[in-house]
Amino acid sequence: MVVDPLFIVGTIVCLVSVVLCVGAAVLKHGPNDLTILSAAAVELFLLVYGVAAIIRQVGGEGVAGEPWEFWGYLFTALLVPVGAVWWSLMDRSRWSNLVLGAVGITVFVMLFRMEQIWDGVIPA
């Protein structure tokens with residue numbers, strides 16, 4: 001099994017977002033441009049990932065697993081950063097940075113599962 005380059009990019013984007021957001025929470029800072037933009041970067045990555053998935057499918061490379069499951073994961077993952085940013089705008093405490101940090105962790109897990117579905121790997 002070859003690791004998809006988009007998966008590697010997504011992993012890096014998620015990791016950077018988690019480090020920035022958790023770091024800001026540890027330093028007792030409220031949500032700021034940097035932490036909110038890191039969650040927005042995760043959202044932007046997911047949009048690019050979705051467009052790439054459409055292009056791959058149109059080009060003849062199908063999802064080996066269930067397509068409805070893949071697209072369900074993607075659409076759900078797209079909601080996670082939006083919800084976290086909304087939360088951080090409503091609650092300006094440092095704890096909102098942990099909510100923003102959870103975006104990277106959550107999206108990484110969902111991205112990992114989407115890769116499994118795309119490649120047809122059945123989890124044990």
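Where does UniProt place the feature "transmembrane region" in this chain? The unreviewed UniProt entry gives residues 6-27, 34-58, 70-89 and 96-114. The legends below refer to a predicted model.

**View 1. Two of the spans that UniProt lists as transmembrane regions, residues 6-27 and 70-89.** Residues 6-27 are 95% helix and 0% strand, and the C-alpha atoms at the two ends of this span are 31 Å apart. Residues 70-89 are 100% helix and 0% strand, with 30 Å between the end C-alpha atoms.

**View 2. Helix 2 (residues 33-58) against helix 3 (residues 67-90).** The two axes come within 10 Å and cross at roughly 165 degrees. Helix 2 and helix 3 are therefore roughly antiparallel, and helix 2 passes helix 3 in a left-handed crossing. On the helix 2 side the contact is made by Ile36, Ala39, Val42, Glu43, Leu46, Leu47, Tyr49, Gly50, Ala53, Ile54 and Gln57. Helix 3 contributes Phe70, Trp71, Leu74, Ala77, Leu78, Pro81, Val82, Val85, Ser88 and Leu89. Sorted by class, this contact holds 17 nonpolar, three polar and one charged residues.

**View 3. Helix 3 against helix 4.** Here the axes come within 9 Å, and the crossing angle is roughly 175 degrees. Helix 3 is therefore roughly antiparallel to helix 4. Residues of helix 3 in the contact include Glu69, Tyr73, Thr76, Val80, Ala84 and Trp87. From helix 4, the contacting residues include Ser96, Val99, Thr106, Met110, Arg113 and Ile117. The contact of helix 3 with helix 4 comprises 17 nonpolar, four polar and two charged residues.

**View 4. Helix 2 against helix 4.** The axes of helix 2 and helix 4 are 9 Å apart, at an angle of about 15 degrees. This angle makes helix 2 roughly parallel to helix 4. Their crossing is left-handed. In helix 2, Thr35, Ile36, Ala39, Val42, Phe45, Leu46, Tyr49, Ala53, Arg56 and Gln57 take part. They meet Asn97, Leu100, Val103, Val107, Leu111, Met114, Glu115 and Trp118 of helix 4. By class, the contact of helix 2 with helix 4 has 13 nonpolar, three polar and two charged residues.

View 5. Gly120 follows helix 4 and has a positive phi, near 80 degrees.

Conventions:
Residues numbered from 1 in each chain as written. Predicted model: local features only at pLDDT ≥ 70, side-chain atom pairs only at ≥ 80, totals over all residues. Heavy atoms only, no water. UniProt positions renumbered as here; feature names shortened; annotations may be inferred. Helix = DSSP H or I, 4+ residues; strand = E, 2+ residues; numbered from the N terminus. Axes fitted to C-alpha atoms, helices over the stretch in contact; angles between N-to-C directions. Parallel < 35°, antiparallel > 145°, perpendicular 65-115°, else oblique. Left-handed = near helix turned anticlockwise from the far one by under 90°. Contact = heavy atoms within 4.5 Å. Nonpolar A, V, L, I, M, F, W, Y, C, P; charged D, E, K, R; others polar.
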